[in-house]
Amino acid sequence: MNDVSDISQVSNEEPLEILKHPDPRLRERAKPVRRVNRNLRRLIERMAKTMYEADGIGLAGPQVGVMERLFVVDIGEGLKEFINPEILEASEEQVELWEGCLSIPGLRGLVPRPSRVRVTALDRHGRRFWVDADGWLARVIQHEYDHLEGVLFLDRALRVVEVPPESRLRVVFFGTSPFAGTVLERMLEREVTPLLVVTQPDRPRGRGQAPAPTPVKRLALEHELDVAAPTRLRDAAFVERLKALEPDVIVTAAYGRILPEDVLAVPKRAAVNVHASLLPRWRGAAPIQRALMAGDERTGVTILHMSAELDAGDIILQKEAPIEPDDDFGSLHEKLAELGAEALLEALRLIAKGEAPRRPQDAEGVTLAPPLRPEEEWIDWTRPAVEVRNHIRALTPWPGARCLHGAELWKIARTELAAAGEVRGGEPGEIVAVRPERGFAVACGQGALWVTELQPAGRRRMRASDFLNGHRLEPGERLSSGAPGDEDA
Ligand code: CO
């Protein structure tokens with residue numbers, strides 16, 4: 001199709017068909033545009049529409065069967081057309097970047113190109129303009145100019161790789177906490193970019209209690225993703241918005257609310273959850289804390305299909321991780337978030353390839369991981385030392401394991417089990433030994449714990465040895481539990 005007027009016969013509504021490699025027309029040299037007129041302007045509009053609908057940033061005439069020297073570009077700075085372009089100058093300096101092409105879906109190439117070019121062309125009104133382009137604009141202009149010469153990025157690429165199939169899934173992400181933030185961050189690094197990120201509404205946070213966005217919302221906004229924070233998931237407008245996105249997959253990670261059935265029914269392929277335990281152990285909202293409290297020595301992550309019953313759906317895959325004796329909620333949470341992201345990306349690849357397994361959970365071995373109750377934030381010194389230590393690990397650094405020293409609120413952050421016979425006697429909660437270089441030992445129901453890190457009232461978390469430097473503590477002094485709400489006194 002060498003005459004632009006042919007194209008104008010076609011309805012203005014439809015986008016054009018993009019020719020795919022190895023169509024021979026992509027290898028022909030295009031001819032100069034003879035006339036810049038209304039037909040050409042209509043063609044430019046259709047090419048732009050075609051490019052936008054395909055999520056492209058550039059489209060050249062030959063890619064839609066128009067063997068004329070023109071292309072359109074929009075790298076996010078508005079539409080720009082180049083008619084009869086000429087590259088006047090190209091920098092000596094080259095850069096290597098990964099690029100793709102709407103005519104070569106599924107592949108990407110590492111292509112060296114001059115980092116800057118000087119270009120002239122006509123605009124849609126036939127006016128000549130000049131551009132000094134660098135960055136992505138320079139790259140796109142050269143890529144599109146190549147199309148006019150019958151050259152594809154494959155001809156110039158140092159390396160060609162397949163685009164990971166999971167990056168082509170249409171995904172909606174539901175998440176709230178820092179765990180979810182890590183998962184979303186890893187998805188974005190692997191170019192699995194959600195069409196929409198759903199998170200909880202802004203909540204009062206911190207000392208000022210000003211409404212603050214969730215970690216996930218902050219991350220999503222940094223990456224210029226669309227964000228929704230509905231107060232009601234059953235809201236018809238919200239469900240309609242989801243449906244309109246036609247997602248393949250819904251991913252949830254520490255979202256903090258249960259998805260209703262009509263939301264779970266929206267995605268074409270799957271609604272999956274990233275759960276921080278080896279299901280069926282620790283179903284519920286606090287799997288990491290409950291695993292630590294129970295003294296588990298191994299845990300992991302599960303990617304599962306969501307079902308009406310909480311955390312009971314079929315498993316796609318699981319990954320194990322050891323719980324080290326020094327792990328606390330902070331360190332284990334971080335480990336499992338990374339592992340969860342890795343497992344999720346593997347599962348998404350399986351889903352993209354139509355190969356995701358579905359393994360029902362064992363009926364045996366189900367345990368529940370309910371959210372922490374406020375009274376659980378107090379240390380119960382009457383329990384055996386091992387259990388007290390595990391309880392403290394599960395609460396550190398957040399929300400913190402509390403006790404009272406007189407009327408002062410202390411949070412105990414790190415402890416060591418006292419060796420048998422190292423310290424003796426004492427009622428539960430009684431300080432039975434003080435060693436300035438190590439910390440202080442507290443008697444428990446059975447055995448004793450050395451407190452090696454703590455956060456005294458109104459101060460930062462510190463080593464017990466530093467605390468003892470400026471604070472006198474005597475054997476015989478007592479630590480006790482308060483009642484929920486005492487911390488506000
Ligand atoms: Co291209």
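Which residues form a nonpolar patch on the surface, and what is their accessible area together? In this predicted model, the patch is made of Ile-57, Val-95, Leu-97 and Trp-136, with about 310 Å² of accessible area together. Trp-136 belongs to helix H3, which covers residues 135-148. Its relative accessibility is 42%, so Trp-136 counts as partly exposed.

**The five-stranded sheet**

Five strands make up an open sheet with antiparallel pairing, in the order S1-S2-S3-S6-S7. Strand S1 (58-60) and strand S7 (128-134) are at the edges; each has a single partner strand, so one side of each has no neighbour in the sheet. From one strand to the next, the twist averages 40°.

Strand S6 (residues 116-122) is paired with S7 in the antiparallel sense, over seven bridges. Within this part of the sheet, Arg-118 stands opposite Asp-132 in S7. Helix H2 (residues 38-53) lies across S1, strand S2 (70-73) and strand S3 (80-90), and runs at about 45° to S2.

Glu-93 is found in the loop between S3 and strand S4 (94-99). With a relative accessible area of 44%, Glu-93 is partly exposed. Apart from neighbours within four places in sequence, Glu-93 is in contact with Arg-113, Pro-114, Ser-115 and Arg-116.

**Salt bridges**

The structure holds 39 salt bridges.

| Residue | Partner | N to O distance |
|---|---|---|
| Glu-81 | Arg-124 | 3.1 Å |
| Lys-319 | Glu-346 | 2.9 Å |
| Arg-461 | Glu-453 | 2.9 Å |

Glu-81 is buried, at a relative accessible area of 5%.

Lys-319 and Glu-346 form a salt bridge. This pair also links distant parts of the chain: Lys-319 is in strand S17 (residues 315-322) and Glu-346 in helix H10 (residues 329-352), 27 residues apart. Lys-319 counts as buried at 17% relative accessibility, whereas Glu-346 is partly exposed, with a relative accessible area of 38%.

In the pair of Arg-461 and Glu-453, Arg-461 is partly exposed at a relative accessible area of 35%, while Glu-453 is buried at 18%. Both residues belong to a network of salt bridges that also links Asp-326, Asp-328, Arg-389 and Arg-414.

Technical notes. Residues numbered from 1 in each chain as written. Predicted model: local features only at pLDDT ≥ 70, side-chain atom pairs only at ≥ 80, totals over all residues. Heavy atoms only, no water. Pairing = 2+ DSSP bridges. Helix = DSSP H or I, 4+ residues; strand = E, 2+ residues; numbered from the N terminus. Axes fitted to C-alpha atoms, helices over the stretch in contact; angles between N-to-C directions. Contact = heavy atoms within 4.5 Å. Patch = residues over 30% accessible without salt bridge, like charges linked within 9 Å, V, L, I, M, F, W, Y side chains within 5 Å. Areas by Shrake-Rupley, 256 points an atom, 1.4 Å probe, with all protein chains shown as cover. Salt bridge = Lys/Arg side-chain N within 4 Å of Asp/Glu carboxyl O. Buried < 20%, exposed > 50% of the residue type's maximum accessible area, 1.4 Å probe, protein only.
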